2 protein chains.
Amino acid sequence: MLRTHTCGELRLDHVSQEVTLCGWVQRTRDKGGMLWIDLRDRYGITQLLFEEGKASAELLETARTLGREFVIGAKGEVIERYSKNDKLPTGAIEVRVHELVVLNPAKLPPFLIEDETDGGEDLRMKYRYLDLRRTPIRQNLMLRHQVARHTRGYLDKLDFIEVETPVLIKSTPEGARDFVVPSRMNPGEFYALPQSPQTFKQLLMVSGFDRYYQIVKCFRDEDLRADRQPEFTQIDCEMAFVTQEDVLNTFEGLIRHLFKNVKNIDLPEVPRMTYAQAMQRYGSDKPDIRFGLEFVELKGLDTDLTSGQDFPVFDAAELVVGICAPGCSSYTRKQMDELTEWMKRPQIGAKGLIYVRYNEDGTLKSSVDKFYDEGTLRQWAEAFDAKPGDLLLLVSGGADTARKQLNELRLEMGTRLGLRQTDDYRVLWVVDFPLLEYGEDEATGQQRWYAMHHPFTSPKPEDIPLLGTEPGKVRANAYDMVINGVEVGGGSVRIFQKELQQKMFEILGFTPQEAQAQFGFLLNAFEFGAPPHAGIAFGFDRLCSLFGGADSIRDFIAFPKNNSGRDVMIDSPSSISHQQLKELTIQVAAH
Amino acid sequence: MLRTHTCGELRLDHVSQEVTLCGWVQRTRDKGGMLWIDLRDRYGITQLLFEEGKASAELLETARTLGREFVIGAKGEVIERYSKNDKLPTGAIEVRVHELVVLNPAKLPPFLIEDETDGGEDLRMKYRYLDLRRTPIRQNLMLRHQVARHTRGYLDKLDFIEVETPVLIKSTPEGARDFVVPSRMNPGEFYALPQSPQTFKQLLMVSGFDRYYQIVKCFRDEDLRADRQPEFTQIDCEMAFVTQEDVLNTFEGLIRHLFKNVKNIDLPEVPRMTYAQAMQRYGSDKPDIRFGLEFVELKGLDTDLTSGQDFPVFDAAELVVGICAPGCSSYTRKQMDELTEWMKRPQIGAKGLIYVRYNEDGTLKSSVDKFYDEGTLRQWAEAFDAKPGDLLLLVSGGADTARKQLNELRLEMGTRLGLRQTDDYRVLWVVDFPLLEYGEDEATGQQRWYAMHHPFTSPKPEDIPLLGTEPGKVRANAYDMVINGVEVGGGSVRIFQKELQQKMFEILGFTPQEAQAQFGFLLNAFEFGAPPHAGIAFGFDRLCSLFGGADSIRDFIAFPKNNSGRDVMIDSPSSISHQQLKELTIQVAAH
């Protein structure tokens with residue numbers, strides 16, 4: 001090796017040893033005949049010392065030419081430091097250098113290679129290889145490695161086998177948009193990149209592999225947001241001869257193992273909530289349960305505390321629902337107006353926001369005093385279990401819309417009240433999702449049923465009779481894992497009988513011929529002895545960003561793409577040669 | 001779980017326990033009022049017993065309807081077996097069933113699910129999910145998992161970090177043909193799938209990650225042979241601040257670790273051989289050193305034992321070279337003719353094969369007796385260190401051609417003599433490869449220099465002056481690991497200075513503009529403090545097939561493609577919809 005030690009390794013024990021270090025020049029200080037250099041590598045920073053009188057003139061001259069980010073090798077003696085630096089693990093020593101090699105000089109970097117950099121997102125992405133030198137980003141990738149390592153450690157111990165499934169597969173019409181790959185050997189035909197290895201892992205169950213996992217790249221050609229990437233990584237898992245309960249326990253165990261080994265956190269038992277409960281209590285299928293502010297209905301299916309007062313807004317509403325913000329009764333008029341405007345933004349689209357102040361002196365004051373007397377307001381306050389000083393915030397309208405809007409408000413108030421700390425982790429299972437949802441077919445513009453999870457999810461056996469009559473009421477054996485309001489994983493018990501799978505495709509609008517053409521291999525496989533099976537997939541990038549306490553997944557991916565799907569560092573995608581197009585028998589159409 | 005135990009788990013200790021097993025019906029025997037079923041899962045086979053009189057009539061009736069590959073659950077009591085089966089780990093017990101559930105019936109499989117199947121390659125691939133049920137194939141995939149696991153274990157311990165590099169990258173003209181992916185968001189532009197993460201791992205070194213690895217899918221759109229797949233897996237590694245020696249030692253350590261942990265073999269120190277030696281002694285840069293039969297030159301650069309006898313073939317030859325096949329002097333005329341014909345096949349293309357028999361009685365007899373007397377033949381035999389009973393086989397011609405032909409013959413003779421046992425592993429480093437080779441540019445038809453390894457490989461410093469004058473003589477700091485004549489890995493010390501990298505691109509025929517357009521990100525990165533670095537990549541599929549003692553990599557890949565790049569199971573590639581093409585702004589050209 002070109003070095004004897006790393007820059008994070010030397011301690012007082014090493015004093016008087018002769019060592020060679022290699023790394024990058026982080027900083028130099030030249031003062032009173034002493035020259036100090038902070039030398040950095042992946043493992044840490046070590047201080048190098050060059051002293052006039054003790055170091056040769058030539059050596060000092062070379063050392064003084066070193067700029068930021070020069071790559072050097074330095075040989076010298078470890079000595080005890082006069083004034084120690086407690087912030088550095090190597091802060092008790094320095095290395096008095098007597099040999100110095102410039103391995104590679106460096107131009108001035110376009111931004112500071114420091115924890116807090118002056119580089120904007122675009123610049124950092126163009127020079128990602130420099131951005132990756134910064135400690136926070138390096139630590140993110142090391143965290144990612146640890147999450148992967150402990151995931152494998154846990155699953156290997158439970159007899160799961162990692163099996164690689166193909167990347168060049170077949171395009172299917174269901175789900176998100178596929179990336180496709182023209183086949184040169186089969187002109188006019190295309191492979192697709194997998195959105196997930198779903199059918200392959202099910203086939204592995206049919207093959208008897210019984211416990212499968214894979215940490216695997218998946219691909220979706222969707223319009224991108226900050227937290228989406230065209231290529232992303234999944235922890236993909238499947239088990240045979242199990243019930244939903246077994247899957248939940250096994251993967252609750254995985255998450256507990258990861259929290260313990262990566263974050264040193266002992267996770268309590270993970271609570272479970274049905275989809276219906278989650279929607280009613282939080283207006284979301286991925287509730288953030290780090291804090292309460294649970295929904296209370298003033299008018300709903302089995303309650304009505306609002307009628308008979310001729311308030312047309314509430315009288316017309318299917319649902320009047322609110323949250324109680326503790327200690328917020330003192331919000332000023334201006335603050336209330338601002339919050340109301342926030343709710344009216346197009347992203348949320350509320351018509352308005354009604355409030356009731358439960359003043360510290362016990363009086364009640366609302367924005368609907370014209371319609372409701374203090375007695376009614378007090379009834380409402382009781383329904384919320386509110387205390388003097390609290391503020392009730394109410395929305396109304398159609399049930400689904402009102403809940404969605406109030407969910408946004410709840411999260412916002414949670415943030416404003418400081419109830420959403422990144423290092424406070426609350427894990428939750430949401431279960432009993434609906435099997436189907438109704439929506440518009442992009443191609444035809446017509447309304448049809450969509451699989452809420454995917455077409456291979458099994459309905460609850462007791463709900464199967466509803467498939468033909470009220471498909472929207474059929475619940476699935478499907479589950480999501482939610483951490484701090486973020487869906488980190490989801491899965492289901494699968495259909496494993498050909499007839500039921502065919503029925504499902506039929507409901508989703510496939511003709512029998514289409515189903516056979518697209519998924520014939522799976523339907524056929526179910527005829528040759530398919531075991532009951534179930535599985536789950538975790539968003540690995542998302543999981544890592546949660547463990548790292550960050551919102552965006554980008555800084556947990558070594559070389560991410562921007563919102564236009566571009567890698568600005570390598571300048572990809574790019575045009576390809578005429579010769580390549582010709583060999584692939586494709587042409588670029590006018591655009 | 002639907003089961004209490006697996007089918008590989010029960011022993012005499014479990015006798016009288018109540019258990020539930022799940023699995024596939026492997027075989028049934030119905031004899032004298034007793035019905036036995038071999039129940040199979042991933043872990044083994046357990047015998048189930050149904051006995052007339054003791055089992056209910058209904059239970060017996062159900063059991064008798066079970067066909068091969070039915071998926072069942074069976075509950076019963078573990079009992080000691082009357083006649084034990086020593087071949088099965090569970091052979092001391094059986095389970096007397098009192099509850100039976102048919103979880104899924106099965107059609108008759110299209111081929112036997114046995115170690116030796118009657119299914120041909122095509123049928124097995126179409127029903128790969130059934131083929132994967134066979135024990136040898138399942139064991140291959142489990143072996144693959146173990147090789148991956150122990151690779152990670154070794155590298156993690158040495159502080160290597162696994163970093164995922166992107167799959168959607170940029171097409172480059174150098175190397176094999178790229179698979180490309182049209183970008184919807186960037187019309188007319190394409191991503192490419194990586195042939196290797198080469199430039200990304202080098203950028204990670206520039207970033208300071210200093211020890212990187214990744215078990216990663218790579219892609220090459222090449223015409224396929226039995227041992228090639230369009231998508232394949234690499235163990236991809238890179239280190240900074242190291243010499244070639246460090247890389248060789250680190251990865252010799254990896255291979256030793258894998259042999260120990262996967263095969264329980266203590267590998268001796270791995271010998272090293274230069275490319276020049278390998279070519280001279282074996283006519284191959286990947287010599288199989290399980291056996292000798294080393295080349296001996298009768299006429300070469302510093303020898304000539306053939307001239308002056310007016311044999312025009314040898315007189316015109318640049319090289320006369322042969323091997324000594326021990327104990328083969330008794331080969332019949334017919335055998336010699338057959339061997340000569342074998343050498344003349346177009347795949348080898350030898351003009352002929354000359355032999356010298358060293359008979360058991362000490363006499364010498366050759367196919368060139370007309371030109372050479374017994375004294376000369378005896379000189380030859382001495383050069384070969386031959387003994388009575390041996391057979392000398394000689395080829396002649398241009399040095400490169402003769403060596404290639406003799407390499408084929410050597411391997412063939414090694415096989416015929418039983419010297420190439422799959423469980424005899426001989427590992428070898430081949431070092432000092434030439435940097436460049438001369439060849440035809442497919443696009444222009446002109447001869448030009450190609451990088452023998454890749455354009456990022458560094459020349460030996462002492463050979464750099466030859467770059468401008470005799471590029472063909474420049475040796476690279478490049479190395480291959482060869483096991484039993486198969487190249488399993490290769491790598492090099494990389495160029496890390498911009499000027500040298502630019503010079504290299506220039507030799508390879510790039511204009512400065514082309515080099516900048518294709519590899520500007522790397523050239524730029526080298527200006528910001530790139531450390532010296534080196535790396536290696538192993539062919540993971542190939543390594544697994546070697547460990548598994550098989551020639552083809554296909555049976556070590558869960559879902560391989562055939563020689564036309566088709567997955568016949570899912571029927572891919574396939575045509576895609578007009579809508580998809582339109583969104584991607586591409587058209588299929590006439591073909």
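Predicted model: local features only at pLDDT ≥ 70, side-chain atom pairs only at ≥ 80, totals over all residues.
Let's start with chain A overall. It has 591 residues, and 59% of them are buried. The secondary structure comes to 15 helices and 24 strands. Along the principal axes, the C-alpha atoms of chain A fill a box of roughly 95 × 75 × 55 Å. Now the contacts. Take those in chain A with a separation of 6 or more: 65% of them join residues 24 or more positions apart.

Next, a sheet in chain A. It is open, and it has six strands. Read across, the order is S13-S12-S14-S17-S15-S16, and the pairing is antiparallel. Which strands stand at the edges? They are S13(A), residues 303-304, and S16(A), residues 364-366. Each has a single partner strand, so one side of each is left without a neighbour in the sheet.

Look inside the sheet now. S15(A) covers residues 354-358 and S17(A) covers residues 391-397. Four bridges join these two antiparallel strands. For a landmark, find Tyr355(A): it stands opposite Leu393(A) in S17(A). As a general point, side chains in a regular strand alternate between the two faces of the sheet.

Two helices lie across strands of this sheet. Take H10(A) to begin with, residues 374-383. H10(A) lies across S12, S15, S16 and S17 of chain A. Its direction is at about 95° to S16(A). Then there is H11(A), residues 399-416. H11(A) lies across S12, S14 and S17 of chain A, and runs at about 10° to S14(A).

On to a helix pair, still in chain A. H12(A) is residues 498-507, and H13(A) is residues 512-525. Their axes come within 11 Å and cross at roughly 160°. An angle over 145 degrees counts as roughly antiparallel, so that is what H12(A) is relative to H13(A). The crossing is right-handed. Who makes the contact? From H12(A), it is Lys498(A), Gln501(A), Gln502(A) and Phe505(A). From H13(A), it is Ala515(A), Phe519(A), Leu523(A) and Asn524(A).

Now chain B. The strand to find is S16(B), residues 391-397. Is S16(B) mostly covered or mostly open? Mostly covered: five of its seven residues are buried. S16(B) pairs with S13(B), residues 319-325, in the antiparallel sense over seven bridges. There, Cys324(B) stands opposite Leu392(B). S16(B) also pairs with S14(B), residues 354-358, again antiparallel, over four bridges. Here the opposite residues include Arg357(B) and Leu391(B).

Last stop: Arg566(B). Where does it lie? In the loop between H14(B), residues 540-547, and H15(B), residues 578-583. Is Arg566(B) buried or exposed? Its relative accessibility is 16%. The cut-off for buried is under 20%, so Arg566(B) counts as buried.

Its side chain reaches partners in chain A. One polar contact, at 3.2 Å, joins it to the side chain of Asn186(A). Another, at 2.7 Å, goes to the side chain of Glu189(A).

Notes:
Residues numbered from 1 in each chain as written. Chains lettered and ligands numbered in written order. Heavy atoms only, no water. Buried < 20%, exposed > 50% of the residue type's maximum accessible area, 1.4 Å probe, protein only. Pairing = 2+ DSSP bridges. Polar contact = N/O pair within 3.5 Å; in protein donor to acceptor, adjacent residues only side chain to side chain. Axes fitted to C-alpha atoms, helices over the stretch in contact; angles between N-to-C directions. Parallel < 35°, antiparallel > 145°, perpendicular 65-115°, else oblique. Left-handed = near helix turned anticlockwise from the far one by under 90°. Contact = heavy atoms within 4.5 Å.
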